Amino acid sequence: MDLPLISSFVQSSIDAALAEYVAPKSLTLDLKDMLTGDDFKKDTSARGVLVVTITDATGFKEGDRNLGGLMKGSSDAYVAVGWAKFGKPVWSTRIIIDDMKPSWHETAYILVSPEEINAAERLRVQLWDSDRTSADDDLGRIEVDLKELMSDSRSCGRMWQREDGFQALTPSEEMPGTLVWSVGYFPKDRIQQEQIEKQSLEAGVNSLQQLKDKVAEDVSRKMREAFSGDEVPEMEQQEAQDLKIREGTSAQSIE
């Protein structure tokens with residue numbers, strides 16, 4: 001039934017809702033940030049990256065059980081990698097169909113941010129059996145403390161080859177099977193003196209201090225071009241703050 005009053009009300013409600021998702025009538029841009037190059041993120045907040053390579057798994061329990069001898073038990077296995085406390089996977093391997101000795105040889109790269117470090121997170125590597133008609137079956141998990149991976153000489157800056165047994169959700173339950181895998185933590189690197197000496201993009205920049213001075217000079221020039229005379233105090237305040245940061249960095253390097 002087409003009721004004019006109701007139809008017009010529904011149409012107006014739809015139009016009002018859709019108006020939130022169309023191009024805005026006006027757009028505000030911060031020209032100062034754009035001119036000084038501060039309108040985009042220059043660096044990642046991540047402290048480093050975890051490299052996880054999943055090789056193969058053996059001896060784990062069957063996800064699809066033997067049906068009275070009529071069908072041999074098997075699994076459609078895949079491995080998910082993520083954080084234990086956050087409870088969310090961030091990467092997974094492909095699914096290998098009907099194989100109790102799956103071999104993946106796949107690698108994941110997972111950023112480690114301050115949030116995971118402050119939360120004392122644990123890396124979770126979990127084996128699953130994929131099911132089409134029901135929830136996937138948990139076939140076991142392996143958990144390693146993140147801070148341990150960051151500090152252990154076997155995993156910091158190199159790959160740690162491991163073979164771990166699977167654990168169940170509850171400590172009292174035993175879970176068969178082992179996983180062959182490797183993991184390494186690689187911190188965010190800082191520019192080295194050797195790299196600066198070899199660079200050819202900036203003539204006359206042969207040390208870290210010269211690079212800092214060059215950046216400060218470029219920032220000062222851009223800020224002068226962007227600011228009007230009334231905003232000079234703000235520019236001077238920014239320069240004083242930058243100088244304080246550079247002095248603190250120099251003091252730390254001397255210590």
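This is a predicted model: local features need pLDDT of at least 70, side-chain atom pairs count only at pLDDT 80 or more; totals for chains, interfaces and linings use all residues.
Tutor: We take the sheet, then the rings, then the core.
Student: What's the strand order in the open sheet of four strands?
Tutor: β4-β1-β8-β7, with antiparallel pairing. Strands are DSSP E runs of at least two residues, helices are H or I runs of at least four, both numbered from the N terminus. Pairing takes at least two DSSP bridges.
Student: Which strands stand at the edges?
Tutor: β4 (103-112) and β7 (160-165). Each has a single partner strand, so one side of each lacks a neighbour in the sheet.
Student: How many bridges between β1 and β4?
Tutor: Eight, with β1 covering residues 48-58. Thr 53 stands opposite Thr 107 of β4.
Student: Rings now. What sits over Trp 160?
Tutor: The charged end of Arg 162, 4.3 Å from the ring centre. The rule wants NZ of Lys or CZ of Arg within 6 Å of the centre and within 35 degrees of the ring normal.
Student: And Leu 50, what does it touch?
Tutor: Among others, Trp 83, Leu 123, Leu 146 and Val 183, leaving out residues up to four places away in sequence. Contact means heavy atoms within 4.5 Å.

Note on methods
Residues are numbered from 1 along each chain as its sequence is written. Side-chain values use heavy atoms; hydrogens and water are left out.
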